[in-house]
Amino acid sequence: MVEIRTRDDVELESPTLVEGLPGVGLVGKIAADHVVDELDMVEYGEITNEGLPPVAVFENDERAVKSPMRLFAAPEADLVVLQSAVPIEAVQADVLVEAFTDWVVENDATPIYLAGVAEEREPGEVPDVHGIATGEAGALLDDAEVPPPAQTGMVQGPGGAFLQEAKERDVDAVGLLVQSDPRFPDPQGAQKLIDAGIEPIAGASIDTDRLVEEAEEIVEQREALMQQLQQAAEEGQQVSTRGMFQ
């Protein structure tokens, strides 16, 4: 059973919802976490599910134990973010998707589901963002000038599950797709999701400079890792990458 508990003292009116469950390149989670931090969003609710892993989440400078799956809100922007510390594979996905779509319908929310498309990029290469939609939400992508996909494919992971549910129930929903290297966290992909999709669709101003800095740092780490692996292959040695992207 899934239960979504929200605060009564936070007022929202037909909000935009950003889904940030972990997926390819962690782009959705990185983007969602960044939006929560930059807009200083308040904790709005939590999602309970019998299938959730028995974990207790804690945060810096706070003693309170948190739920691994929570909602955050920015009432002034009429924006909600679904933030999760666990992947959808760790829960009863079909039950969660159905219950959360119920919440979307009941609150007249417009969800933006985020997905990374597994595709390796050269270091520093700017990823492309494309948009798909269900119901009448394609107009939002047109207004934001987000192009449709350049080729045929399918969305897997949490974004795909939510979008399929939205399609079956004729719910207006947006899917933002960004090229992501599945081997590494991808803050550059997350930045593009925010700049090219979330910001114009939600109508919120979200600074992504910090994500640019993180992207540059990760690119440097990736290059160093590749050099280590190449050298190891040439010399027949083993290289320890413990602590790097595990």
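Tutor: Start with exposure. A residue is buried under 20% relative accessible area, exposed over 50%, and partly exposed in between, with a 1.4 Å probe and protein chains only. By that scale Asp40 is exposed, with a relative accessible area of 64%.

Student: What kind of model is this, and how are residues numbered?

Tutor: It is a predicted model: local features need pLDDT of at least 70, side-chain atom pairs count only at pLDDT 80 or more, and totals for chains, interfaces and linings use all residues. Residues are numbered from 1 along each chain as its sequence is written, and side-chain values use heavy atoms, with hydrogens and water left out.

Student: How many helices and strands does the chain have?

Tutor: Helices (H or I, at least four residues) and strands (E, at least two) are DSSP runs, numbered from the N terminus. This chain has six helices and eight strands. Along the sequence the pattern is β-β-α-β-β-β-α-β-β-α-α-β-α-α. Of the 246 residues in the chain, 45% are buried.

Student: What share of the contacts joins residues 24 or more positions apart?

Tutor: Contact means heavy atoms within 4.5 Å. Take the contacts in the chain with a separation of 6 or more: residues 24 or more positions apart account for 76% of them.

Student: Show me one such pair.

Tutor: Leu12 and Val80 are 68 residues apart in sequence, yet 8.8 Å apart in space, C-alpha to C-alpha. Leaving aside neighbours within four places in sequence, Leu12 is in contact with Tyr44, Ala73, Pro75, Asp78, Leu79 and Val80. Leu12 counts as partly exposed, at 24% relative accessibility.

Student: And a strand residue?

Tutor: Val117 lies in strand β6 (residues 110–118). Val117 is partly exposed, with a relative accessible area of 35%. Beyond four places in sequence, Val117 is in contact with Leu177, Val178, Gln179 and Ser180.

Student: How do I describe two packed helices?

Tutor: Two packed helices are described by the angle between their axes and the distance between the axes. Axes are lines fitted to C-alpha atoms, for helices over the stretch in contact, and angles run from 0 to 180 degrees between N-to-C directions. Here helix α1 (residues 27–38) and helix α5 (residues 187–202) pack at an angle of about 60°, with their axes 8 Å apart. On the α1 side the contact is made by Val27, Ile30, Ala31, His34 and Val35. On the α5 side it is made by Pro187, Gly189, Ala190, Leu193, Ile194 and Ile198.

Student: Which helix has a kink, and where is it centred?

Tutor: The bend at a residue is the angle between axes fitted to the seven residues ending there and the seven starting there. In α5 there is a kink of about 40°, centred on Ile194. Ile194 is also one of the buried residues of α5, and Gly197 and Ile201 are among the others.

Student: How do I check a helix's length?

Tutor: The expected span of a helix is 1.5 Å times one less than its number of residues. Helix α2 (residues 93–106) has 14 residues and should span 20 Å; its end C-alpha atoms are 20 Å apart, which agrees. Helix α4 (residues 157–168) has 12 residues and reaches 17 Å from first C-alpha to last, close to the 16 Å expected. The buried residues of α4 pack against β2, α2, β6, β7 (129–134) and β8.

Student: What about backbone angles?

Tutor: Most residues other than glycine have a negative phi. Asp40 is not a glycine, but has a positive phi of about 50°. Asp40 is found in the loop between α1 and β3 (42–49). Asp78 also has a positive phi of about 50°. Asp78 sits in the loop between β4 (69–74) and β5 (79–84). At 18% relative accessibility, Asp78 counts as buried.

Student: Which residues with positive phi follow α2, α4 and α5?

Tutor: α2 is followed by Asp108, with phi near 50°. α4 is followed by Asp170, with phi near 55°. α5 is followed by Gly203, with phi near 70°.
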